[in-house]
Amino acid sequence: MKKKYNHGFVLGKFLGVHLGHKFLIDTALENSENVTLLVCSMKKEPIPGELRFNWLKEIYKEESKLKILHYTEDVPQYPEEHPDFWNIWVNIVKKYCPEIDCLFTSENYGIPFSKYLGVDHYMVDLERKTYPISGTKIRTETFKSWNFIPQNVKPFFVKKIAIMGPESVGKSTLTEKLANHYNTNFVIEYGRIVYEKNGNKVTIDDFIPISKGRQELEDELIKSSNKILFCDTEDITTYIFSKMFFPNEYKKTESYFLNIIKPKYDLYILLKPDCNAVQDGTRLFLDERINHYKVIKSELIKNNCKYVEIDGNWEERF
């Protein structure tokens, strides 16, 4: 059955992508033989345009009737910004989709814009009754809006929390308990896995693979995390341990760590060594816990990491 329109057109910032956007695009596809989707972005926006463009390409990777394009030039966004505003945008649309015969929007601007284009206008859910969501809510009320975010977009908004501290302060236990409490994932202490796999020993050459292996695990787990991802240590920890294990060799890997250490987490939780240490047969630096803690704290400060300190017994920490 032939559809109402030959070529529909959708444009927007998609800042960030939500199910209301998908409803708009799906409506255009249902009513058009072909659809062109133009993702418009500018450098100053809080979510990179290339990311939004790729999100939509991933969502519609099986849709052969949809062409997704990316427009990155800074142009006026509102009529009052430029006397030739409408002609500027008409030329942009005609350049990317000269065969357009219907403009699909969810905004009032679509009515005058379609007249300037000389095409039909199809209004989709203007009052947001089907999907009561907006790009602004996605950015400012992210967790309240979680169910309106497509699965492939969610990892961008997941908050990452790193659990830090010297040996035997409850990092692994706390990480897992927090993840269970918030019904989400956690990243295990990857360095410990490597250490035990090697027969409770490491060489300086193990530290970069530990860093990369941990990051690969984190990148995979964040895809299915529920709003938050808890991480048992991170690269600052690995770097400090490389210096503690190999004070005469750590320079071999130092440049790698100094290049990647930056505030990559939304929050760092630093556990104080004010609890009894437990020797499980793998810990080598229990006598250095206080100094180790101070070094970690100095690195967090030096790298402008947002951190909080937690103390007390095991239950109080949780």
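Which residue just after H4 takes a positive phi? Gly118 does, at about 75°. Keep in mind while reading that this is a predicted model.

Helix H4 covers residues 110-117, and its buried residues are Gly110, Phe113, Ser114 and Leu117. These four sit on the same side of H4, because they cover an arc of only 100° around the axis.

## The largest pocket

Now for the open space. The largest pocket comes out at about 940 Å³, and 32 residues line it. Leu11, Gly12, Lys13, Glu107 and Tyr109 are the lining residues that lie nearest its centre.

Which elements each supply at least two residues of that lining? They are S1, helix H1 (19-31), H3, S4 and helix H5 (135-140). H1 gives the largest share, with 4 residues. Sorted by class, the lining of the largest pocket has 17 nonpolar, 10 polar and 5 charged residues.

## The enclosed space

Rolling a probe the size of a water molecule over the atoms shows where empty space is left. Searching the whole structure turns up 1 cavity of 30 Å³ or more. About 40 Å³ of space lies in the largest cavity.

Its lining is made up of Lys13, Cys40, Ser41, Met42, Glu45, Tyr71, Glu73, Val75, Gln77 and Trp89. By class, that gives 5 nonpolar, 2 polar and 3 charged residues.

## Arg317, a buried arginine

Over in helix H13 (residues 314-317) you'll find Arg317. Is Arg317 buried or exposed? Its relative accessible area is 6%, so Arg317 counts as buried, the cut-off being under 20%.

The side chain of Arg317 reaches two backbone oxygens: that of Gly312 at 2.6 Å, and that of Val169 at 3.2 Å. Leaving aside neighbours within four places in sequence, Arg317 is in contact with residues including Leu174, Leu271, Lys272, Asp274, Cys275 and Ile310. Asp311 belongs to that set of contacts as well, as do Val169 and Gly312.

How values were computed
Residues numbered from 1 in each chain as written. Predicted model: local features only at pLDDT ≥ 70, side-chain atom pairs only at ≥ 80, totals over all residues. Heavy atoms only, no water. 1 Å grid on protein atoms, 1.4 Å probe; cavity = no way out; pocket = protein on both sides within 12 Å on 5 of 7 lines; lining within 4 Å. Points joined across faces, edges and corners; volume = space filled by probe spheres on them. Nonpolar A, V, L, I, M, F, W, Y, C, P; charged D, E, K, R; others polar. Buried < 20%, exposed > 50% of the residue type's maximum accessible area, 1.4 Å probe, protein only. Arc of directions from axis to C-beta. Polar contact = N/O pair within 3.5 Å; in protein donor to acceptor, adjacent residues only side chain to side chain. Contact = heavy atoms within 4.5 Å.
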